[in-house]
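Biologist: I would like to learn how to read helix packing in a model like this one. Could we go through it together?

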Amino acid sequence: MTQQFEGKVALVTGGASGIGAAFARTVVRDGGRIAIADLNEDMGRALVAELGTDKASFTRTDVSQQDDVIAFVDGAAAHFGRIDILFNNAGIGGMGTTLDLDAAAFRRVIEVDLFSVFYGCKAALPHMLRNGSGAIVNNASIAGMLGDFGMTAYNTAKGGVVNYTRALAMDMAKSGIRVNAVCPGCVDTPLFAGLKAAESVFDNFIRAVPMARIGQAEEIAEVVAFLASDKASYMTGTVIPVDGGITATSGFPD
Ligand code: NAD
């Protein structure tokens with residue numbers, strides 16, 4: 001039986017950890033090859049060793065730097081010979097309201113979480129246009145669909161990722177390149193653990209999830225893999241919550 005990513009080359013940013021690493025494992029499991037970009041060199045290289053150097057590569061990349069992203073994307077295309085899939089996943093959290101955030105802190109989150117997505121797409125599109133096909137998935141967040149308390153920069157950046165996805169999907173609609181976004185809720189990764197260090201805060205978050213549990217990185221990666229695969233051939237510009245039901249509730253307690 002042909003595996004869904006047989007012959008395909010996928011790129012993932014922030015692929016050394018969490019959701020990005022789960023996606024990298026899914027691509028290789030399903031027959032594809034994966035180029036991983038991340039700031040964390042030790043974890044990135046360890047993942048390549050796990051997946052096999054014939055199936056995976058790693059490039060140390062700061063996604064907030066356009067030159068780094070161009071080098072990663074063009075290097076991956078040269079190494080593997082083509083680019084079929086781009087998962088723009090790297091991101092950071094960031095707490096603070098308009099009253100207590102300074103402009104530099106606000107700008108940093110926008111650069112890492114939003115400009116990085118623009119840089120990734122801009123670098124990958126020429127390769128995909130040459131093939132006449134491609135699938136881009138952007139990792140937004142339910143924080144890009146709704147407001148949170150004290151997450152101003154993150155809400156703003158992820159809201160930008162959501163509507164950037166729709167805008168690029170329109171511009172590419174006739175090109176054979178599909179562009180979609182996932183919006184995870186609370187997922188068990190170092191990023192979430194860092195944001196919700198205090199146990200009481202963590203419990204409050206879980207109480208807000210109708211399914212009453214945190215999600216696993218693999219549960220997001222499977223949806224990303226679907227959007228990146230030919231099974232989603234008639235889907236572009238969609239924004240899919242993967243959140244245990246959070247965005248489906250009125251907010252009233254049960
Ligand atoms: P994670 O911390 O496990 O992984 C993020 C990865 O991005 C790390 O390996 C980190 O080194 C890398 N990274 C950070 N800044 C970078 C930079 N400037 N350049 C290159 N790499 C960089 O966290 P995760 O939860 O897997 O996060 C992945 C994505 O999922 C993020 O965009 C995040 O906003 C989004 N998300 C996560 C959750 C959640 O609850 N975990 C919810 C919604 C959305």
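Biologist: Is the crossing of H1 and H8 left-handed or right-handed?

Modeller: A crossing is left-handed if the near helix is turned anticlockwise from the far one by less than a right angle, and right-handed if clockwise. Here H1 and H8 make a right-handed crossing. Helices (H or I, at least four residues) are DSSP runs, numbered from the N terminus. This is a predicted model, where local features need pLDDT of at least 70, side-chain atom pairs count only at pLDDT 80 or more, and totals for chains, interfaces and linings use all residues. Residues are numbered from 1 along each chain as its sequence is written.

Biologist: At what angle do the axes of H1 and H8 cross?

Modeller: Axes are lines fitted to C-alpha atoms, for helices over the stretch in contact, and angles run from 0 to 180 degrees between N-to-C directions. The axes of H1 and H8 (residues 217-228) cross at roughly 55 degrees and come within 8 Å. That makes H1 oblique to H8; angles under 35 degrees count as roughly parallel, over 145 as roughly antiparallel, 65 to 115 as roughly perpendicular and the rest as oblique.

Biologist: Which residues of H1 and H8 make the contact?

Modeller: Two residues are in contact if their C-beta atoms, placed from the backbone, lie within 7 Å. On H1 these are Gly18, Ile19, Ala22, Phe23 and Thr26, and the H8 side includes Ala217, Ile220 and Val224.

Biologist: How do H4 and H5 pack?

Modeller: H4 (residues 103-131) and H5 (residues 152-172) have axes 8 Å apart, at an angle of about 20 degrees. That makes H4 roughly parallel to H5. Their contact residues divide into 14 nonpolar, two polar and two charged. Ala, Val, Leu, Ile, Met, Phe, Trp, Tyr, Cys and Pro count as nonpolar, Asp, Glu, Lys and Arg as charged, and the others, Gly among them, as polar. H4 passes H5 in a right-handed crossing.

Biologist: How many residues surround the ligand?

Modeller: A residue is near a molecule if its C-beta atom, placed from the backbone, lies within 6 Å of it. For the ligand there are 28, and the closest are Gly14, Gly18, Gly91, Thr189 and Leu191. Helix H1 (18-29) and helix H6 (190-195) are the elements that give two or more residues to this shell.

Biologist: What is the mean pLDDT of the chain?

Modeller: pLDDT is the predictor's confidence in each residue, from 0 to 100. The chain has a mean of 96, with 97% of its residues at 70 or more.
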